Amino acid sequence: MILRDAVRVLVSNWDGAHTVPSRRLYPHQWSWDSAFIAIGNARWSPRRARSELLSLFGAQWADGRVPHIVFNPRVPAGSYFPDQGFWQAKAPSGAETSGIVQPPVHALAAWKTHLAEPDTAFLRRIYPRLVAQQEFLRRDRRSPEGLISVVHPWESGMDNSPAWDRPLRAVQAGGASGFTRRDLDSVSADERPTDRDYAQYIELATAYRDSGYTDPGAFEVEDPLFNAAYGLAESTLAKIANTLGLDAEPHEREAEAITLAMVEHLFDGGLFQARDVRTGELTDTASAAGLTPLILPGLPADVAEVLIATALDRFQIKDLPLPSYAPDTPEFDPARYWRGPSWINVSWIVWQGLKDRRPDLAATLADSVLSAVVKSGFREYFDPYTLRGHGCRDFSWSAALVLDMVAEHGLHGLKPSGREAGQEVWSIGEPHQIGDHALT
Ligand code: 2M8
């Protein structure tokens, strides 16, 4: 029933034009979640996928940034912290949003949506918005070396990765107090960031907000996952431009340039590292973010080989669904948020990067991810060893990316009991007006 259950999760998290990551824990629209959700929805309802992306880009700012949260005005303020009252930001559309961004995986989502059901009108609508998203990053966040930085751990998507422990030492959290976390209402404290982490997050977000969302504060880091997403977006924009009869070359050049810059400045010791812009130092950590440049089509073969060796050795991908942090480190925690558990989106990115290079390992990784879901459901993250689920339940991108993986990989690697596929989800009927207010 894995496929039917995945669709059930996505349908129950659907909000009319977009999907919430989780009803209780994340009751608004999140930027990179929507991209992953679109990739899964494209497999059974391309109309929902188009609506998901267009509704998100409907809240794009005039400077091109795509905010990491678009608040749903129908959800009571205070259901999530920090809410719209904290961010005090509005898109030109009038939507209340946050003011930070997340990894730009949206061009890939738009392209996969188009491949599932070719629709050049959709591509024509979304292409300039995707280009503006990249331009914002180049204008506001690019270093002289050509790398893009994030100014808040929330922008990396891997919020409390041990990779941020050191850069966060520069952040004094004295001023941030008097707030009430809402995440602990539904998830146990030992699976979430600590109060100290939160105090630092709020300190940084407050400073960025008070600068009018312009000045990076005490945290400025070039993250390999974010840069890989940015580079892949350029390769994908080249494909979209070709399809639309536009000039693809600037995108190809930019994709090549970012790949080279990453290899030159972030590749170190078997893994890509984040670089702390303020000190110039590489973080010397062991985050799975360091494997995600495998998704870059132009990554040199020798670099890819080193990453694959690291994935096998330190991340044990022959036996485990990819841990978010290497298990051979003292920081590794199999149950706490981004400090070790397996997450389906990062596994999916690495799976994409392995498919052409090492189809055997890609298949093994897909089987491990599917086994975790068969055992524990569409949880937010999983203990890589026991496959026990953690964080929230019925988490949208877990469901969506499983749909995508199964569509390509099948269910044959699972034990017979996990295989009752329910292939009929591919033909589930849908009302015609699904997502109309984002699509018209
Ligand atoms: C988590 O982040 C939010 C803040 O953005 C939170 O903890 O409240 C992260 O896992 C992030 O990557 C994800 O986009 C978001 C919603 O699923 O939740």
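In which loop is Leu-387 found? Leu-387 is in the loop between strand S9 (381-382) and strand S10 (389-390), and I'll come back to that residue in a moment. Hello everyone, and a quick word on conventions. This is a predicted model, where local features need pLDDT of at least 70, side-chain atom pairs count only at pLDDT 80 or more, and totals for chains, interfaces and linings use all residues. Residues are numbered from 1 along each chain as its sequence is written. The helices (H or I, at least four residues) and strands (E, at least two) I mention are DSSP runs, numbered from the N terminus.

Let's begin with the ligand. A residue is near it if its C-beta atom, placed from the backbone, lies within 6 Å. The residues around the ligand are Pro-21, Tyr-26, Trp-30, Trp-32, Asp-33, His-68, Trp-154, Gly-157, Asp-159 and Asp-183. Sorted by class, that shell has five nonpolar, two polar and three charged residues. For the classes, Ala, Val, Leu, Ile, Met, Phe, Trp, Tyr, Cys and Pro count as nonpolar, Asp, Glu, Lys and Arg as charged, and the others, Gly among them, as polar.

Now to the interior. I call a residue buried if 20 or more other C-beta atoms lie within 10 Å of its own, exposed if 12 or fewer, and partly exposed in between, with C-beta atoms placed from the backbone. A nonpolar core is then a set of buried Ala, Val, Leu, Ile, Met, Phe, Trp, Tyr and Cys residues joined through C-beta atoms within 7 Å. The largest such core here has 132 residues, and Ala-6, Val-350 and Val-402 have the most contacts inside it. Helix H9 (residues 224-243) gives this core its largest share, ten residues.

Two residues are in contact if their C-beta atoms, placed from the backbone, lie within 7 Å. If we leave aside neighbours within four places in sequence, Val-350 is in contact with Leu-291, Thr-292, Leu-294, Ala-311, Leu-322 and Leu-365.

Helix H14 (residues 396-409) has 14 residues and reaches 20 Å from first C-alpha to last, close to the 20 Å expected at 1.5 Å a residue; the expected span is 1.5 Å times one less than the number of residues. Twelve of the 14 residues of H14 are buried, so the helix is largely enclosed by the rest of the structure. Among those buried residues are Trp-397, Leu-401, Val-402 and His-409. The buried residues of H14 pack against helix H1 (2-12), helix H2 (31-41), helix H12 (344-355) and helix H13 (359-376). After H14 comes Gly-410, with a positive phi near 80°.

Helix H6 (residues 120-141) has 22 residues, which should span 32 Å at 1.5 Å a residue, and its end C-alpha atoms are 31 Å apart, which agrees. H6 also has a kink of about 30° at Ile-126, shortly before the proline Pro-128; the bend at a residue is the angle between axes fitted to the seven residues ending there and the seven starting there. The buried residues of H6 include Phe-122, Ile-126, Leu-130 and Leu-137, and its buried residues pack against helix H3 (46-57), helix H5 (106-116) and H9.

Most residues other than glycine have a negative phi, and most peptide bonds are trans. Leu-387 has a positive phi near 65°, and is partly exposed, with 19 other C-beta atoms within 10 Å. Tyr-213 also has a positive phi, about 55°, although it is not a glycine. Tyr-213 lies in the loop between helix H8 (195-210) and strand S5 (221-222) and is buried, with 20 other C-beta atoms within 10 Å. The peptide bond from Phe-81 to Pro-82 is cis, with omega near 0°, and Pro-82 lies in the loop between strand S2 (69-70) and helix H4 (84-87).

Finally, some loops around H12. Arg-357 is in the loop between H12 and H13, and counts as partly exposed, with 15 C-beta neighbours inside 10 Å. Beyond four places in sequence, Arg-357 is in contact with Ala-304 and Ile-308. Pro-341 lies in the loop between H11 and H12, and with 27 C-beta neighbours inside 10 Å Pro-341 counts as buried. Not counting residues up to four places away, Pro-341 touches residues including Ser-324, Tyr-381, Phe-382 and His-390. Thr-329 is found in the loop between helix H11 (301-313) and H12, and is partly exposed, with 16 other C-beta atoms within 10 Å.
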